[in-house]
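Here is a short report on a two-chain structure. Keep the display open while reading.

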Amino acid sequence: MTTASPLPVIDLQDVTKTYKTGALAVQAVRGVTLSIMPGEYVAIMGPSGSGKSTLMHILGCLDPLTTGSFWLAGQDVSRMSDDELAEVRNRRIGFVFQQFNLLPSLPAWRNVELPLCYAGLRRDERRRRAVAALRRVGLADRITHRPGELSGGQQQRVAIARALVTDPALVLADEPTGNLDSTATADVLALFDELHQSGRTIVLITHERDVAHRAGRVIRLRDGRVELDRDQAAVRS
Amino acid sequence: MSWLETLRTGLDAVRSHRLRSGLTMLGILIGIAAVILTVGFGEGAQARVSGEINALGSNLLVVSPGSATATGGIRGGFGSASTLTQADATALASKTVAPDIAGVAAATQRSETLTVTGTNWTTTVVGTTPDWLSVRARSITEGRFLTAADENTDAAVVVLGATTAQELFGFRDPIGQTVSVNGLPLTVIGVLNAVGASASSSTTNLDDQAVAPITTVANRIFGGSTRTSVQSIYLEAASSGALSAAYQEANAELLRLHGVSVTSADFSIASQQSLLTTATSVDKTLTELLASIAAIALLVGGIGVMNIMLVSVTERIREIGLRKALGATQRAIRRQFLVEASVLGLAGGVLGTGFGLAGAVVLPHLISNPITISPTAAVGAIVVAVGIGIGFGVYPATRAARLPPIDALRSE
């Protein structure tokens with residue numbers, strides 16, 4: 001359904017973000033304008049300090065922007081209250097973190113159903129969807145395992161299942177392979193490729209060139225500005 | 001997130017940190033058990049004292065000669081036992097003078113040795129009138145009590161307390177036997193009911209006395225000034241509500257009869273109620289002291305909950321950030337931590353009440369004091385424990401709810 005929408009999933013207009021620490025004001029993002037259409041697979045790259053983490057937090061509605069405007073899937077999120085933003089994060093965005101961020105005391109399916117709890121779904125419906133999402137990432141036989149009983153790659157796949165379970169407009173992955181060995185990295189990236197082919201919109205933040213090259217489009221940041229925005233599909237063809 | 005879901009999350013968190021949760025509960029547990037036991041101890045003591053005093057007749061007023069310290073004899077002439085007379089008692093018995101007084105019994109008493117062939121027993125000999133039985137709320141288990149005829153004829157008869165009868169006659173039937181007092185042979189006509197151990201407030205053993213007609217005692221046993229004067233006049237108010245009216249009437253009539261003013265009154269009137277008040281107020285003070293120490297224990301337990309919850313918030317800062325990223329609102333996070341705190345409070349409260357109840361069963365055997373526990377106190381304790389959990393959980397929960405999601409996610 002996201003592919004049918006004519007609106008961009010992400011529409012940033014001249015976004016800036018300034019952090020004030022005491023008397024010092026640090027401008028982490030200095031005027032970024034970009035638009036990401038449904039079904040795109042975008043990698044955001046840049047050296048540390050380039051503002052890519054800040055941009056990721058803005059895209060994830062975790063941090064308000066200082067100036068500019070941000071429309072996410074047709075909604076102006078720059079003017080939303082805390083509770084409205086919580087709902088946007090819950091319904092529109094699926095997060096994948098470098099540290100996996102699974103709750104160690106809960107079995108895989110309870111981790112996956114967590115966003116659905118906050119969406120207020122019934123327990124049997126949550127379980128059904130959590131199991132389907134785990135099957136989707138190839139963990140149908142690990143439903144009741146706790147994170148401690150899973151390998152790093154499996155844990156990250158549980159986290160991806162959690163990101164997919166709400167059927168979000170945007171999957172936002174922050175260095176998803178940063179803590180994985182090469183086999184697990186290949187696994188996870190193959191999974192992202194699959195998701196991309198099935199029409200998901202994916203924004204992936206990474207500093208690894210190999211990882212970035214799997215994406216259809218690469219945006220490189222430097223000093224809080226877009227340095228390069230290249231459509232690789234166009235380059236390849 | 002539904003309440004049920006929040007409760008499940010809270011329980012998960014409590015379960016996954018068993019030791020920490022257990023120690024937190026322990027604080028509440030000790031506090032609640034201590035409060036339950038001290039309050040139960042106080043209530044038990046009060047119930048016992050008021051039970052004992054009520055057994056003496058709760059509508060009872062006692063008129064004594066001289067000042068309040070008269071029986072101590074320290075006040076000398078003012079406290080001498082000759083200011084109350086049989087005439088005073090007769091006047092107070094009048095329904096027109098004192099409509100709120102239901103019964104009057106004048107009494108004079110002295111320690112005497114009772115002799116039965118081969119056995120001596122020293123006890124309190126009380127000379128009084130037939131009304132004494134109802135005024136003192138006593139009854140007869142065997143034989144009969146004194147009658148007006150006994151009184152009019154200075155009859156040589158006596159009614160014994162249960163202990164006295166036992167000491168003098170063992171298991172023989174005392175009725176019809178003869179007891180000598182000061183050389184005067186008295187026929188035993190009845191035995192009083194046993195009221196148990198003496199009240200903690202009185203020095204006389206109520207089961208160890210010999211009651212004879214006041215005329216017999218005054219004229220044939222004691223002699224001297226006791227022929228007309230009496231040591232106490234017992235008054236029974238018509239009801240416990242009429243106690244203060246009866247007091248006023250007796251006071252006014254005696255002032256008038258003795259021709260004295262309030263400031264120079266040569267008698268004093270005490271009620272069992274005032275005894276009861278004094279006795280229970282001492283117990284109450286003790287209970288309040290103990291309970292306030294217990295309450296401090298409970299407060300410390302509550303601060304323990306807050307402390308642990310704050311540690312928990314700091315420790316789970318990533319979890320909070322993650323939950324917020326996944327769509328938890330501030331309210332949902334606050335509720336989660338409040339539920340966790342109240343689960344700790346509830347568990348501590350229930351366990352503490354359990355330990356308190358167990359203590360209430362075991363302790364009385366060790367300290368020989370009754371412990372009364374009311375269901376209200378037990379339920380109240382649990383409610384208070386949950387309240388403490390919530391009360392001391394509010395601050396940590398609010399802190400958790402206000403954490404910005406990125407700060408929470410970023411921290412390692």
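## Confidence

pLDDT is the predictor's confidence in each residue, on a scale from 0 to 100. The term is needed here, as this is a predicted model. Among the elements of chain B, strand E5 (residues 157-160) of chain B has the highest mean pLDDT, 92. The lowest mean, 76, belongs to helix H13 (residues 405-410) of chain B. Over the whole of chain B the average pLDDT is 81. A score of at least 70 is reached by 90% of the residues of chain B. For the model, ipTM is 0.90 and pTM is 0.68.

Where in chain B does pLDDT stay under 50? One stretch is residues 68-81 of chain B. The model gives that stretch 20 contacts beyond four places in sequence. Another is residues 198-202 of chain B, with 12 such contacts.

## Chain B overall

Chain B has 412 residues, and 44% of them count as buried. Its elements are 13 helices and 10 strands. Take the contacts in chain B with a separation of 6 or more: 81% of them come from residues 24 or more positions apart.

One pair illustrates separation along the chain. Ser239(B) and Asp100(B) are 139 residues apart in sequence. Their C-alpha atoms are separated by 8.0 Å. Ser239(B) sits in the loop between strand E9 (232-237) and helix H8 (243-258) of chain B. Is Ser239(B) buried or partly exposed? Ser239(B) has 13 C-beta neighbours inside 10 Å, so it counts as partly exposed.

## The sheet in chain A

Chain A holds an open sheet of four strands. Their order is E2-E1-E4-E5, and the pairing is antiparallel. Which strands lie at the edges? They are strand E2 (24-36) and strand E5 (75-76) of chain A, each of which pairs on one side only.

Strand E1 (residues 10-21) and strand E4 (residues 67-72) of chain A run antiparallel and are joined by five bridges. Across this pairing, Asp11(A) stands opposite Trp71(A) in E4(A).

## Two positive phi angles

Phe100(A) is not a glycine, yet its phi is positive, at about 65 degrees. Phe100(A) lies in the loop between strand E6 (93-96) and helix H3 (108-119) of chain A. Why does Phe100(A) count as buried? The cut-off for buried is 20 or more other C-beta atoms within 10 Å. Phe100(A) has 22 C-beta neighbours inside 10 Å, so it counts as buried.

Asn182(B) is another non-glycine residue with a positive phi, here about 50 degrees. Its place is the loop between strand E6 (178-181) and strand E7 (184-192) of chain B. Asn182(B) has 14 C-beta neighbours inside 10 Å and therefore counts as partly exposed.

## The interface

How many residues of chain B are in contact with chain A? There are 18, and they touch 20 residues of chain A. On the chain B side, the elements that give two or more residues are helix H1 (3-16), helix H10 (317-325), helix H11 (330-367) and H13 of chain B. H10(B) supplies the largest share, five residues.

By residue class, the chain B side that touches chain A divides into eight nonpolar, five polar and five charged residues. H13 of chain B gives two or more residues to the side that touches chain A, and H13 of chain B has the lowest mean pLDDT among the elements of chain B.

Note on methods:
Residues are numbered from 1 along each chain as its sequence is written. Chains are lettered from A and ligands numbered from 1 in the order in which they are written. This is a predicted model: local features need pLDDT of at least 70, side-chain atom pairs count only at pLDDT 80 or more; totals for chains, interfaces and linings use all residues. Two strands pair if DSSP finds at least two bridges between them. A residue is buried if 20 or more other C-beta atoms lie within 10 Å of its own, exposed if 12 or fewer, and partly exposed in between; C-beta atoms are placed from the backbone. Two residues are in contact if their C-beta atoms, placed from the backbone, lie within 7 Å. Ala, Val, Leu, Ile, Met, Phe, Trp, Tyr, Cys and Pro count as nonpolar, Asp, Glu, Lys and Arg as charged, and the others, Gly among them, as polar.
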